[in-house]
Amino acid sequence: MADGQAGAGPDNASHNDGRPDDAATNRSSHDGSAGNGGGQRGARDPGRDNLALARVSPDPGGVGLVDHPVRLPGPEEVEFRVALCGLCGSDVVVYDADPHFGWVRPGTVLGHESVGTVGRVGLLVPEEIAPGMRAVPVSKVRCGRCSECAAGRVEQCRRPATLGLGRHGTACGRTIIPWHCLVPVPDGLPDTTAVLVEPTSVAWRAVVEVAQVRAGERVAVSTTRAIGLLAALIAKARGADVTMVGRSGPEYEAKRELAVRLGLRSTTAPDPGLFDTWVEASGSGKQLATAMASVRSGGKLVLVAMYASGTRQPVNARARKDVDILTSYSSVRADFEEAVGFLLTVPQVGEQLITLFPMDRAVEALRLTARAAATEDGRPLIKAVLQPGAWNRDSGA
Ligand SMILES: [Zn+2]
Ligand SMILES: [Zn+2]
């Protein structure tokens, strides 16, 4: 999911039938693709507690830590043991109680940006999905029941559910997911970078598939968050001349330093008319206006953010300058695979972008993400990442 402020995301229309599907809801709601569970469905794992960051009420700030019981995997499911889980725009809209996401049920575990390992596997899971395999899940899980899924056009699934919104996400120690949504992670990619595969897949889709950025293009990226920085790195790797555009303010200098460390140029005052392509990833109405003013006539403006309801759309400027406005919010499996390939070229980038939080600070991590606030030590918070296996007393933090 894209970062940004608020508003209607892609889930708004298509996923409101999704629902949490495991024992935490105490219902037999997962009655489709997996068939009968061989008598195991609904059985509780007698193992240790499984803390999860979940929506606890439909009110603003209505998130908290809950115990999330995990059943045994069905025939086509696996137990996914989460090493790290990043927080993102879709978690923020729940935290903020954005009315477009009122359909997300209390009890739903948040989070869709995770890396982990396969635990127990169901009877019909292919051999290559073996216990111990490292993987990231794609964020949209196909339903397996609709006519598109039946015809094998799974990317066109009519009722996909997004992890952390329409079904339980991965901001927890363990969860149950269909094996088909796992993308393997090679050994060369540490967890601290692999946790960025989902935002990288969103950035990849925006830069490569949607904007089709080419070598020599002058590209601006306006952002405060991970997707924009990753989009800038991808555009640069494709040979574009990339400028990061930030908002002047107390945090700008730290963000500029980060951009420089990543090998990117940064400014708060872009030259009007200079850019062939502008990737707007901040979700700010002001940046959207700057973008329209600064992209050249006939250029491309790519929106990879969500905007607060009421944000003014630069429709007149668009017509005057003949700018192509393209939107790109989410990503598909092929983008995840491309993202893994790209991150292998910058395997240590995660250390620059993520801030780790033990699980007892999960709510605080989400609050800081929602407010785009800095961390305690004053560093800009680019991507808050939960460590489900860590608790304050364990981590020594
Ligand atoms: Zn995300
Ligand atoms: Zn489907």
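Predicted model: local features only at pLDDT ≥ 70, side-chain atom pairs only at ≥ 80, totals over all residues.
View 1. Residues are numbered from 1 along each chain as its sequence is written, and chains are lettered from A and ligands numbered from 1 in the order in which they are written. Asn-392 belongs to helix α13, residues 392-395; helices (H or I, at least four residues) and strands (E, at least two) are DSSP runs, numbered from the N terminus. Look also for Asp-360: 32 residues separate it from Asn-392 along the chain, yet their C-alpha atoms are 6.4 Å apart.

**View 2. The whole chain, before we zoom in again.** You can count 13 helices and 19 strands here. Of the 397 residues in the chain, 50% are buried. Two residues are in contact if their C-beta atoms, placed from the backbone, lie within 7 Å. Among the contacts with a separation of 6 or more, 75% join residues 24 or more positions apart.

View 3. Strand β18 (residues 354-358) runs parallel to strand β19 (residues 383-387), and five bridges join them; strands pair if DSSP finds at least two bridges between them. Phe-357 sits opposite Leu-386 of β19. Right-handed here says that, with the strands pointing away from the viewer, the path from the first strand over the helix to the second runs clockwise.

**View 4. The buried face of α12.** Which residues of α12 are buried? They are Ala-362, Ala-365, Leu-366, Thr-369 and Ala-370. Seen down the axis of α12, these residues fall within an arc of 135°, so they line one face of the helix; the arc is that of the directions from the helix axis to the C-beta atoms. An α-helix has 3.6 residues a turn, so residues three or four places apart point the same way. Among the elements covering the buried residues of α12 are β2 (51-55), β3 (63-67) and α2 (89-95), along with β18 and β19. After α12 comes Ala-372, with a positive phi near 50°.

**View 5. Glu-280 in strand β14.** Is Glu-280 buried or exposed? Glu-280 is buried, because 28 other C-beta atoms lie within 10 Å. Its strand is β14, residues 275-280. Leaving aside neighbours within four places in sequence, Glu-280 has contacts that include Ser-222, Gln-287, Leu-301 and Val-304. Thr-223 is 57 residues from Glu-280 in sequence, with 6.7 Å between their C-alpha atoms.

View 6. Strands β14 and β15 (residues 295-303) pair in the parallel sense over five bridges, and Val-279 stands opposite Val-302 in β15. Helix α8 (residues 285-294) carries the chain from β14 to β15 in a right-handed β-α-β crossover. β15 also pairs with β17 (residues 324-327), in the parallel sense over four bridges. There, Val-302 has Leu-326 of β17 as its bridge partner.

Technical notes
Buried ≥ 20, exposed ≤ 12 C-beta atoms within 10 Å, placed from the backbone.
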